[in-house]
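Welcome! Try each one with the model in view before you read the solution.

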Amino acid sequence: MKVAFVKQDVYQDLYVGNKEMTISELLFSSTGRVGPISLFEEYDCDFYIVNEENTTECHIWEKVMPQKIKEFRKLNTQLVTNIKGMEFHEPGSDKPNGYYSVSCDSIEWGKYNIVISINVSVPTKIVKKFPQVLWTYMIGEANFALNKAYFGYDLCLNQLIRGEQDLINGIIDFPYTFVGPTILERIAKNEFGTVEKSGIYGEINTTTERPVRNIPQFGPISEETGEPIIVHKQNIKNNLFELYRAKYYLKVGGRKTRGNGIIEAISAGTVALLSPSDVICSQLLPKEAWVNSSEEAIEKINFLNNNPQEYNKLLEKERFLVSQFVIDYPKYWLDKAYQLKQEKGTANKTKHYSLFRYALDISKRFIQKKKRIKAFGK
C-alpha cells in the first residue's frame, strides 16, 4: 500500500518536513506530539504539508479550534512559539510549516492507494478526480464530523482505540498515535544508546501546569519506592528520552485522557500504570497495570521492582495490546475499506457537514440504540 499523509500549513501539531526525511527526522521535527509515526513503517508512506486551499471544506479546521483561527494562520510563516497561548512550546524544527508546504495541485495523487488527511487538507474537487484512491480524514481535536464521512471522503478516522468500525457510514477506530509497540524504543536506542531504566514519568495531564515542572502528588510515591520523578518535556526529542529512560509511566489524578500517552510509553519500553477510569480507551491496559490511588501505585511499583520477571511480563502484555488495538485492527479495517473502494470503483457521494445535520444524526442513532436495548430486554 502506498499512502500519503497530509496536513495543512495552518495545523499546529505534528511534523514539519517533507517526504525526503527519514522516520527519525520526521518524528524529531514535530511541533508537539508523536502522532501516527508508524504509518512510515507499516506502509510506503509519503508526508506532505499543503497550502490551505480556498474552499469551504479546507477551512473546516476553523470549527476545530475556532478561538485560534487568526493565530493559527500565522503558522505558515511563524513557529508555534509565536502563537498566543503556546509560547511555552519547544518545536522540533526551526522552520515554519510554510517552508515545506506545496500546492495540492502539485501532488500526483493518483500514485497513492490511500490518502490520510489531518482535518480536510485536500479539496473535494481533487478527491473527485481520483475515485480509485481511498480518501480519509482525521479531525485534529476529534470534536466534530465523526458520525460519518463528509466532504466526498470515504472514511473518517475517529482517533478511538477500540478496534471497532462502521464501514457503512465510513468510520473506523484509528488512533492519532498510530505507533507500534517497539518503534519508539528502537528510535530512542539508535539516538541515545542503551540506558538503565529508572524513575516514574508523570502523565502530562496529572497536572495543569505547562510546562510541567512538578507533580506534588508523586512526592510520597517517590519516597516510598525510591524512584525519582520524571516530568514531561515540551521538545519532542527531549521528551522521548525522558520516556525512554523512565521505568514507569504513571497517572494518579488529573483529567481523563484518550490514551495516546500510554501508547507512547509502552512503545518506548516503559510500563504504564493507571486506572481504567482515567482513560477513554482502556483496552490498552491489562488488569495487572491498574492502579487507582497513590497507595496502590506504591504497592505495585515496589512489587515490580522486587520481581523483575513480572515487570517484563507486564510490559509484554501491554505491548501485545498496543499491537492489536493500535496497529492490527486499524490496519485491517483501513485495508478492508480500500478493498471495498476498489470493488465499488466510483467516487464517494459528497455529504456536506452542518452542525444541525450532525446533531440530528446523533439523535437518531441514540434513539435507535435505545430501541435495540429495549427489544433485547424483552
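**Exercise 1: a strand pair**

In S10, Tyr249 is the bridge partner of Tyr201. This is a predicted model, in which local features need pLDDT of at least 70, side-chain atom pairs count only at pLDDT 80 or more, and totals for chains, interfaces and linings use all residues. Residues are numbered from 1 along each chain as its sequence is written, and side-chain values use heavy atoms, with hydrogens and water left out.

Task: work out how many bridges join strand S8 to strand S10.

Solution. Start at residues 200-202 for S8 and 248-250 for S10. The two strands run parallel and are joined by three bridges. Strands are DSSP runs of E with at least two residues, helices runs of H or I with at least four, both numbered from the N terminus. Two strands pair if DSSP finds at least two bridges between them.

**Exercise 2: one side of a helix**

Task: explain where the buried residues of H6 lie around the axis.

Solution. Begin with helix H6 (residues 183-192), where Ile183, Leu184, Ile187 and Ala188 are buried (under 20% relative accessible area; exposed is over 50%, partly exposed in between, with a 1.4 Å probe and protein chains only). They cover an arc of only 125° (from the directions from the helix axis to the C-beta atoms), which puts them on the same side of H6. Finally, step just past H6: Gly193 takes a positive phi of about 85°.
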